[in-house]
Amino acid sequence: MNIFVTGGAGFIGSNFVFHMLDTYPDYRIVCLDKLTYAGNLSTLAPVMNNPNFRFVKIDICDREAIYKLFEEEKPDIVVNFAAESHVDRSIENPEIFLQTNILGTQVLMDACRKYGIQRYHQVSTDEVYGDLPLDRPDLFFTEETPIHTSSPYSSSKAGADLLVMAYHRTYGLPVTISRCSNNYGPYHFPEKLIPLMIANALADKPLPVYGEGLNVRDWLYVEDHCRAIDLIIHKGRVGEVYNVGGHNEMKNIDIVKLICKELGKPESLITHVEDRKGHDMRYAIDPTKIHNELGWLPETKFADGIKKTIKWYLDNKEWWETIISGEYQNYYEKMYGNRGTI
Ligand code: NAD
Ligand code: TYD
């Protein structure tokens with residue numbers, strides 16, 4: 001089996017590469033990644049010499065290069081993680097989100113049609129469902145929840161999902177889609193909530209909580225997510241969407257307080273800053289379908305997962321210190337430098 005993993009130098013993609021190489025010693029895994037600011041080749045260093053692994057620096061929007069690689073490698077399965085993934089950046093500059101997330105998806109699926117494929121899997125997000133109100137804890141996203149997006153990021157992911165389903169119906173492309181909640185764990189880029197708070201707390205820097213910090217996310221340990229995708233590509237039904245959720249709803253402010261506690265840092269570092277525009281209140285997934293059909297359940301409780309994650313960031317300082325000492329400085333200054341406190 002030859003599996004293309006796009007975006008495999010990013011957070012979830014790299015964890016998926018490791019998971020697949022560990023689980024299937026006879027599979028060939030080809031990672032396709034443009035190495036944007038979010039892609040990090042050093043993450044893949046442990047597998048670079050694995051004979052079953054190949055890394056190709058490539059833009060999924062580059063039709064000619066993608067076709068050439070399909071012709072050469074003849075993949076059986078494509079798992080598309082490649083995307084611009086940060087909501088705040090999409091608010092600043094939506095265009096690259098539409099290019100990579102929608103048009104890049106189109107190029108990959110065109111290649112799948114041209115060269116033939118057993119499965120095209122699109123890694124999507126629960127953000128395509130919009131948000132849920134805080135005062136309705138009885139409500140969850142199911143696969144039938146209407147698409148209703150809030151940010152340029154989620155709109156681009158929803159656009160891609162619609163295109164994936166259209167390619168299935170129109171051309172009979174064998175597709176599946178997974179929509180997961182917020183992931184956390186090793187190799188999470190430090191612009192996202194959990195790694196950003198860990199890095200800032202360790203440096204005794206302010207911890208910028210948007211608004212009151214009452215927004216709820218449903219946290220999924222990245223390894224649990226990788227297992228879910230592994231199951232879907234092998235046993236999931238073609239043409240189906242599967243929601244993947246952690247059953248781990250947490251308010252942002254509680255996560256930041258927990259990180260302070262775990263690191264022995266004072267909560268006085270917490271600074272309430274100007275809220276994100278269009279900020280979604282609550283995400284919560286009902287994973288009944290993937291549980292009933294494929295037997296998947298999240299195995300990692302947040303209390304354990306966050307400890308493991310903090311330990312990983314303590315043990316792998318070099319990985320994230322290199323990132324935050326580079327171009328990231330400019331990003332941080334731009335995003336947080338002028339953000340008013342409340
Ligand atoms: P990430 O930003 O850490 O990694 C994205 C990777 O894609 C990077 O390695 C980057 O270099 C690569 N990439 C970007 N544009 C590319 C292009 N044009 N061609 C080739 N490679 C390109 O993202 P992540 O958090 O690992 O997310 C992976 C996928 O999962 C995304 O599709 C995202 O929408 C989805 N997702 C993420 C979460 C989450 O909590 N992180 C939740 C739901 C869904
Ligand atoms: P994030 O990690 O960007 O993921 P997403 O927006 O895709 O859910 O943010 C998670 C939550 O944390 C979200 O409600 C926004 C909030 N947040 C902060 O309060 N401060 C921050 O500095 C960041 C990056 C996020």
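Sorted by class, the shell around ligand 1 holds 13 nonpolar, 11 polar and 4 charged residues. Please keep in mind that this is a predicted model. In total, 28 residues surround ligand 1, and the closest are Ile-12, Asp-33, Ser-85, Tyr-153 and Lys-157.

Where in the fold does this shell come from? Helix 1 (11-23), strand 5 and helix 5 each supply at least two of its residues. Strand 5 gives the most, with 3 residues.

| Residue | Atom on the protein side | Distance to an oxygen atom of ligand 1 |
|---|---|---|
| Phe-11 | polar backbone atom | 3.0 Å |
| Asp-33 | N or O atom in the side chain | 2.6 Å |
| Leu-35 | polar backbone atom | 3.5 Å |

How much of ligand 1 does the protein bury? Taken alone, ligand 1 exposes 830 Å², and the protein buries 97% of that.

Now let us turn to strand 5 itself. Strand 5 spans residues 119-125 and is mostly covered, with 7 of its 7 residues buried. In a regular strand, side chains alternate between the two faces of the sheet. Here, Arg-119, His-121, Val-123 and Thr-125 point one way from strand 5, while Tyr-120, Gln-122 and Ser-124 point the other way. The residues of both groups are all buried.

Which strands pair with strand 5? One partner is strand 4 (residues 77-80), which runs parallel to strand 5 and is joined to it by 4 bridges. Across this pairing, Asn-80 stands opposite Gln-122 of strand 5. Another partner is strand 6 (residues 175-180), which pairs with strand 5 in the parallel sense over 6 bridges. There, Tyr-120 stands opposite Val-175 in strand 6. To get from strand 5 to strand 6, the chain passes through helix 5 (residues 152-171), and this β-α-β crossover is right-handed.

One last stop lies on the way between these elements. Pro-137 sits in the loop between strand 5 and helix 5. Is Pro-137 buried or exposed? Pro-137 counts as exposed because its relative accessible area is 56%, and exposed means over 50%. For a sense of distance, Pro-137 and Pro-94 are 43 residues apart along the chain, and their C-alpha atoms are separated by 32 Å.

Terms used: Residues numbered from 1 in each chain as written. Chains lettered and ligands numbered in written order. Predicted model: local features only at pLDDT ≥ 70, side-chain atom pairs only at ≥ 80, totals over all residues. Heavy atoms only, no water. Buried < 20%, exposed > 50% of the residue type's maximum accessible area, 1.4 Å probe, protein only. Pairing = 2+ DSSP bridges. Right-handed = clockwise from strand over helix to strand, strands pointing away. Near = heavy atom within 4 Å. Polar contact = N/O pair within 3.5 Å; in protein donor to acceptor, adjacent residues only side chain to side chain. Areas by Shrake-Rupley, 256 points an atom, 1.4 Å probe, with all protein chains shown as cover. Nonpolar A, V, L, I, M, F, W, Y, C, P; charged D, E, K, R; others polar.
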